[in-house]
Amino acid sequence: MASRLLWASRAASYLRISTFNRAFSTVLKDLKYAETHEWVKVDGDSATVGITDHAQDHLGDVVYVELPEVGVTVGQGANFGAVESVKATSDIISPVSGKVVEVNDQLSEAPGLVNGSPYEKGWIIKVKLSDEGELNSLMDSDKYTKFCEEEDTKH
Amino acid sequence: MNLNNAKKSVLPIMNLVRMQGVPILDQLHLEERLLRCDLKNWCIVNVGTPQPTIVMGISGKPSELINIKSVIHNQVPVIRRFTGGGTVIVDKETIFVTLICNREAVPLLQLYPQPIMSWTGTLYQDALRDFGKFSLRENDYVFDNLKFGGNAQSITKNKWIHHTSFLWDYDERNMEYLKHPQRTPKYRSERSHIEFLCRMKDIIPSKSVFIEKTLNSLQKHFVLQPIKSDDISNAPYAPSSRLLTRQELEHDLLSTGT
């Protein structure tokens, strides 16, 4: 068991992912994270947004994703869409402000991509950022990992 | 110092609105406004809605969930509500109980679907312990394995709503408007809709007993403060719950050929 954990830890380090033992949710090192469990991948003045592995795990099987229209403005901390799982809709909160330039239409036919591939195929929107300074208020992967551990420990 | 009062004083306040026969669409609009525009905790109890009405969840597709031809023919209203979950047909014998809570209302409760659903299960377990073998099974309230309450939720950044339609009684003919859905709970075990439901009136002495037991259970967690629905401020908000038009239903029927 110890050698398997050591292998997993080395593999995680190589792949630039981190895991925390309690829930084994994946956190990617190069992303930024919000306390409401959305992730941001920044590329210049654009950003891709989705929900984290921790979030999808706690939500359960996603059966529907309510997407915003391309062209709408999103604000940091404000909801822009929702996911449906287990008889509940849960707001998706934007971690950044800007204009939606693309939405992941695949989620209309395959909402489960949010569960199966939360950081890649399950991305939700792409945003042209209006205030790159807001990124400073988001967590890096280490802080987010710790945040999730503390949140799960409290409950 | 009176210890009972001291204990009560640390419980959060929950506004209690009791209504009789308010149309379900009006109730949903009120709920959505309170969820989005108000910071307080609320319990809404509405006994009955005037006419049989089909209520689908946010992602519901009429062609998959209802027998559209007979619904159109008999002019049964169809509503798409703002919460998740499945399809119900409600009428004057349905009792609606809704809880709207802020993040701090229930200590240590994580704002995710399953923890909230489980917490409400304990609430009703306490309320209904004298009447039968109550349990929360795959998100339904059941006595033994017979469903009597359907649930749905919506969770925002700092609030949640959990609302239930309780089957005090129902007309079997109305259930014919609903199709067997693609996603059903495992405990339903291929039973028809009628076979896996039960009527609360066969188990609980009266509607008022059910409501009082529920409020008594709620009072262990909140200080209930009665509010008249007329006294609720009308904050401007455009609700998303709406009545589907006949054109929309006909279009769905034609496009799927069902």
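This is a predicted model: local features need pLDDT of at least 70, side-chain atom pairs count only at pLDDT 80 or more; totals for chains, interfaces and linings use all residues.
View 1. Chain A has 5 helices and 11 strands, which are DSSP runs numbered from the N terminus (helices are H or I, at least four residues; strands are E, at least two). Of its 155 residues, 48% are buried, where buried means under 20% relative accessible area, exposed over 50%, and partly exposed in between (1.4 Å probe, protein chains only). Chain A exposes about 8000 Å², and carbon and sulfur atoms supply 48% of it; such areas come from the Shrake-Rupley method with a 1.4 Å probe, and for residues only the protein chains shown count as cover.

Before moving on, a note on reading these views. Residues are numbered from 1 along each chain as its sequence is written, while chains are lettered from A and ligands numbered from 1 in the order in which they are written. Local features need pLDDT of at least 70, side-chain atom pairs count only at pLDDT 80 or more, totals for chains, interfaces and linings use all residues, and side-chain values use heavy atoms, with hydrogens and water left out.

View 2. An unreviewed UniProt entry places "domain: Lipoyl-binding" at residues 46-128 of chain A. The end C-alpha atoms of that span lie 5 Å apart, and the span is 18% helix and 43% strand. For chain B, UniProt (unreviewed entry) places "domain: BPL/LPL catalytic" at residues 38-226; here the end C-alpha atoms lie 16 Å apart, with 22% helix and 30% strand. UniProt positions follow the numbering used here, feature names are shortened, and annotations may be inferred rather than shown by experiment.

**View 3. Where chain A meets chain B.** The contact takes 24 residues from chain A and 25 residues from chain B. Together the chains bury about 1900 Å², 53% of it on carbon and sulfur atoms; buried area is the accessible area (1.4 Å probe) that two parts lose on being put together, summed over both. Between the chains there are 11 residue pairs in polar contact, both at pLDDT 80 or more. A polar contact is a pair of N or O atoms within 3.5 Å; within protein, one must be able to donate a hydrogen and the other to accept it, and residues adjacent in sequence count only if both atoms are side-chain atoms. Elements giving two or more residues to chain A's side include α2 (53-59) and α5 (141-154), while β9(A) gives the largest share, 5 residues.

**View 4. Asp91(A) and its partner.** Asp91(A) lies in strand β9 of chain A and counts as buried because its relative accessibility is 14%. Its side chain meets that of Arg36(B) in a salt bridge (2.7 Å, N to O).

View 5. UniProt (unreviewed entry) lists Lys87(A) for "modified residue: N6-lipoyllysine". Lys87(A) sits in the loop between β8 and β9 of chain A, and its side chain makes a polar contact of 2.9 Å with that of Asp140(B). Among the residues that Lys87(A) touches is Ala152(B), found in strand β9 (residues 146-155) of chain B. Ala152(B) is buried, with a relative accessible area of 2%. Ala152(B) and His162(B) are 10 residues apart in sequence and 5.9 Å apart in space, C-alpha to C-alpha.

Note on methods
Contact means heavy atoms within 4.5 Å. A salt bridge is a side-chain nitrogen of Lys or Arg within 4 Å of a carboxyl oxygen of Asp or Glu. Lists of a residue's contacts leave out its neighbours within four places in sequence.
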